[in-house]
Amino acid sequence: MRDRPGVREGASVRGCGSCGTGHARAAETHTSGSRAPEQARPWRAAAEEALYGPGGFYLRPDGPSAHFRTSVHASALFAAAVARLLCRVDEVLGRPGELDFVDMAAGHGELVGGVLDALPADVASRTRAYAVELADRPPGLDHRIEWTAEPPTGIRGLLFANEWLDNVPVDVVEVDAAGVARLVLVAEDGGETLGAPVGGAEAEWLGRWWPLAPEEGLRAEVGLPRDRAWAAAVAGVERGLAVAVDYAHLAGSRPPFGTLTGFRDGRETTPVPDGSCDITAHVALDACALPGARLLTQREALRALGVTGGRPPLSLATSDPTAYVRALAGAGEAAELTAPGGLGDFGWLLQPVGIPDPLPRG
């Protein structure tokens with residue numbers, strides 16, 4: 001359960017919706033013949049320990065705040081939009097006496113705190129807020145927020161997972177010279193080699209969701225652990241809406257060399273499973289989707305929730321210069337959240353449970 005809070009000035013916003021040649025070069029550089037590096041193991045196991053094991057990246061006292069930022073940190077407009085979505089769920093549920101908001105991968109609680117602040121008073125007074133996170137509760141967090149390592153069950157309201165699934169570790173596979181898809185093994189220093197052929201449920205998942213041509217060097221990430229993690233999270237919703245937001249790809253446009261990468265000190269870097277950097281890969285959100293789900297881009301979702309990025313009228317500059325400057329800054333933030341080729345290309349997976357889809361279409 002982890003979000004990625006913050007980034008240093010000038011550092012990259014994590015989550016470009018594309019996979020460029022840098023990932024291909026990483027694959028070419030680090031796959032190292034037939035001799036396995038010392039203590040090499042599948043990427044899923046290595047990333048699990050590097051991120052969440054003792055001293056792991058997401059459990060360090062300082063957290064990952066110096067390494068990247070997400071939509072939550074780009075603008076308070078994001079939390080305000082999620083608050084409006086929670087209000088829509090509240091209306092569909094008939095304004096219950098207690099309304100749940102669950103922030104999966106809560107980081108330092110920035111999103112859940114921002115949502116509480118943005119809610120109308122009558123909704124906020126009925127909202128029970130949960131921050132789901134493996135790290136310790138940060139000091140000074142709003143007392144209204146319940147800090148927990150596991151999501152609650154029987155949720156009636158909104159479960160929101162912003163950039164959680166991309167950090168659920170997955171196995172990486174690569175096609176060898178004979179056209180066989182094999183597990184990629186990795187040592188702690190990042191050196192890679194090919195292991196056993198992929199089989200069982202993982203091979204079935206690849207065949208359905210990410211089929212690989214028998215061309216040497218093609219790579220994929222087996223998203224089965226993410227499908228299972230998302231299904232388990234949705235199972236905790238008794239009635240309401242579950243939303244996963246992540247940088248994603250869909251069938252028919254999977255990146256040929258995969259998307260595995262790292263982030264350190266605000267910059268994208270070669271992934272090394274030693275706990276020194278984030279290890280992440282884009283999400284096959286269409287594979288995660290359960291019956292009745294809806295997929296759309298962040299640009300579409302935020303526009304439906306009132307985040308448009310439109311410039312204020314120039315007449316406001318004359319009548320109220322302060323308001324004009326404030327509105328202009330908000331327009332810039334909205335533009336960043338919805339920008340093509342950036343945060344606007346993130347995928348939103350909406351999974352209604354026992355209610356109609358509360359997000360307007362069109």
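**Before you start**

The model is predicted, so expect local features only where pLDDT is at least 70 and side-chain atom pairs only at pLDDT 80 or more, while totals for chains, interfaces and linings use all residues. Residues are numbered from 1 along each chain as its sequence is written, and side-chain values use heavy atoms, with hydrogens and water left out.

**Stop 1: the whole chain**

Show the cartoon. You will find 12 helices and 15 strands; these are DSSP runs (helices H or I, at least four residues; strands E, at least two), numbered from the N terminus. Of the 362 residues, 54% count as buried, where buried means under 20% relative accessible area, exposed over 50% and partly exposed in between, with a 1.4 Å probe and protein chains only. Contacts are heavy atoms within 4.5 Å. Among those between residues at least 6 apart in sequence, 76% join residues at least 24 apart.

**Stop 2: the largest nonpolar core**

Now select Leu 85, Val 115, Leu 119, Leu 158, Phe 160, Val 243 and Trp 348, the residues with the most contacts inside the largest nonpolar core, which has 42 residues. A nonpolar core here is a set of buried Ala, Val, Leu, Ile, Met, Phe, Trp, Tyr and Cys residues joined through side-chain atoms within 4.5 Å. Helix H4 (residues 76–92) supplies the largest share of this core, nine residues.

Centre on Leu 85. Leaving aside residues up to four places away in sequence, Leu 85 touches Leu 158, Phe 160, Leu 241, Val 243, Leu 305, Trp 348, Pro 358 and Leu 359. A second, separate core of 24 residues includes Tyr 130, Leu 159, Trp 164 and Ala 233.

**Stop 3**

Is Asp 90 buried or exposed? Asp 90 counts as buried because its relative accessibility is 0%. Its contacts, not counting residues up to four places away in sequence, are Arg 95, Pro 96, Leu 99, Val 123 and Arg 126.

**Stop 4: aromatic rings**

Rings of Phe, Tyr and Trp (its six-membered ring) pair if their centres lie within 6.5 Å; planes under 30 degrees apart count as stacked, over 60 as edge-to-face and the rest as tilted. By this rule there are six aromatic pairs.

Select Phe 78 and Phe 160: their ring centres are 6.1 Å apart and their planes at 70 degrees, so the pair is edge-to-face.

Trp 348 is buried, at 0% relative accessible area. For another view, show Tyr 52, Phe 57 and Tyr 58, which ring pairs link into a cluster.

**Stop 5: the second largest cavity**

Finally, select Ala 47, Pro 169, Val 170, Leu 260 and Ile 279, which lie nearest the centre of the second largest cavity, among its 13 lining residues. A cavity is a set of points on a 1 Å grid over the protein atoms alone where a 1.4 Å probe fits but cannot get out, and lining residues have an atom within 4 Å of a point. Helix H2 (43–52) gives the most to this lining, three residues.

Conventions: 1 Å grid on protein atoms, 1.4 Å probe; cavity = no way out; pocket = protein on both sides within 12 Å on 5 of 7 lines; lining within 4 Å.
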